Amino acid sequence: GDGTWSKLFGESAPVAAPKPAVVIPPSEFKLEALKGHVPDAVIAQIPDTAAKFNITNPLRLAHFLAQCGHESGGFKAVSENLNYSAKGLLGTFGKYFNATTAAQYERKPEMIASRVYGSRMGNGDEASKEGFKFRGRGYIQLTGKSNYMAFAKEMFEDWENLFQNPDWVNADREFALMSAIWFWNKNKLNREADAGDIKTMTRKINGGFIGLEDRIKHYNEAIHLLHG
């Protein structure tokens, strides 16, 4: 509950109270207000993308942009940075490392991803290196062989060729956004957006609550800009 959350992690920044989720055509969103905060290439894709995936009000769009903004470091990073120090590994992936193994793996992104993401999300074991091959990419950091395969199958006729080369997800900004909105839709995150439940939304995306305050900050900024 909120009481336990506060004791464990301290009070989070307040979330701007949701305004009524009035359904409007995405073409009528006040997207010009996002200039300077969101790349123009992303803004240009929003109307068509939002219409296709039922982003039908500024509330949903603000939450989507907030999560993408955090995961991609302000829409700058489209591939997961796994160049962790030993201390970073223990702090972020303590479940998979101890002091000895962290020292062995530090600053070795391929080894780190292969260990952390091995034998889950459809990936083979650590030795297969599929954890690195299918590491986080795109604006919401699509991760895992199962997600890459499902995304490719659902969105592209020539999915097999694309699936064999996961770098296509971050090679084009259009794919970077498309992979993010596909993940959003697959996990029914419009429901959490409508409820203003940013904690559940973050857990579904991140697997925990890492960066919650920054996500809230991004959301408050986006909803303010979109409502004017």
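Q: Let's start with one residue in this predicted model. Which residues does Leu34 touch, apart from those up to four places away in sequence?

A: Contact here means heavy atoms within 4.5 Å. By that rule, Leu34 touches Ile43, Ile46, Leu65, Leu225 and Leu226, with residues up to four places away left out of the list.

Q: And how do I read such contacts as part of a core? Which residues of the largest nonpolar core touch the most other members?

A: Think of a nonpolar core as buried nonpolar residues joined through their side-chain atoms. The largest one here has 52 residues, and those touching the most other members are Leu34, Ile46, Leu61, Phe64, Tyr139 and Trp184. Helix H11, residues 173–186, gives the most to this core, with nine residues. There is also a second, separate core of eleven residues, with Leu82, Phe97, Ala113 and Tyr117 among them.

Q: Now a loop residue. Is Gln141 buried or exposed?

A: The cut-off to keep in mind is that buried means under 20% relative accessible area. Gln141 has a relative accessible area of 13%, so this residue counts as buried. Gln141 is found in the loop between helix H7 (130–133) and helix H8 (145–155). Setting aside neighbours within four places in sequence, Gln141 is in contact with Glu71, Ala77, Val78, Ser79, Glu80 and Gly136.

Q: Last one: how should I read a pocket? What lines the largest pocket?

A: A pocket is an open space with protein around it, and its lining is the set of residues with an atom within 4 Å of that space. The largest pocket holds about 870 Å³ of space. Its lining has 32 residues, and Glu71, Glu80, Tyr117, Ile205 and Asn206 lie nearest the centre.

Q: What is the make-up of that lining, and which helix gives the most to it?

A: The lining of the largest pocket divides into 13 nonpolar, 13 polar and six charged residues. Helix H3 (58–71) and helix H13 (198–206) each supply at least two of the lining residues, and H13 gives the most, with three.

How values were computed. Residues are numbered from 1 along each chain as its sequence is written. This is a predicted model: local features need pLDDT of at least 70, side-chain atom pairs count only at pLDDT 80 or more; totals for chains, interfaces and linings use all residues. Side-chain values use heavy atoms; hydrogens and water are left out. On a 1 Å grid over the protein atoms alone, a cavity is a set of points where a 1.4 Å probe fits but cannot get out, and a pocket is an open set with protein on both sides within 12 Å along at least five of seven lines; lining residues have an atom within 4 Å of a point. Grid points are joined across faces, edges and corners, and a volume is the space filled by probe spheres set on the points. Helices (H or I, at least four residues) and strands (E, at least two) are DSSP runs, numbered from the N terminus. Ala, Val, Leu, Ile, Met, Phe, Trp, Tyr, Cys and Pro count as nonpolar, Asp, Glu, Lys and Arg as charged, and the others, Gly among them, as polar. A nonpolar core is a set of buried Ala, Val, Leu, Ile, Met, Phe, Trp, Tyr and Cys residues joined through side-chain atoms within 4.5 Å. Buried means under 20% relative accessible area, exposed over 50%, partly exposed in between (1.4 Å probe, protein chains only).
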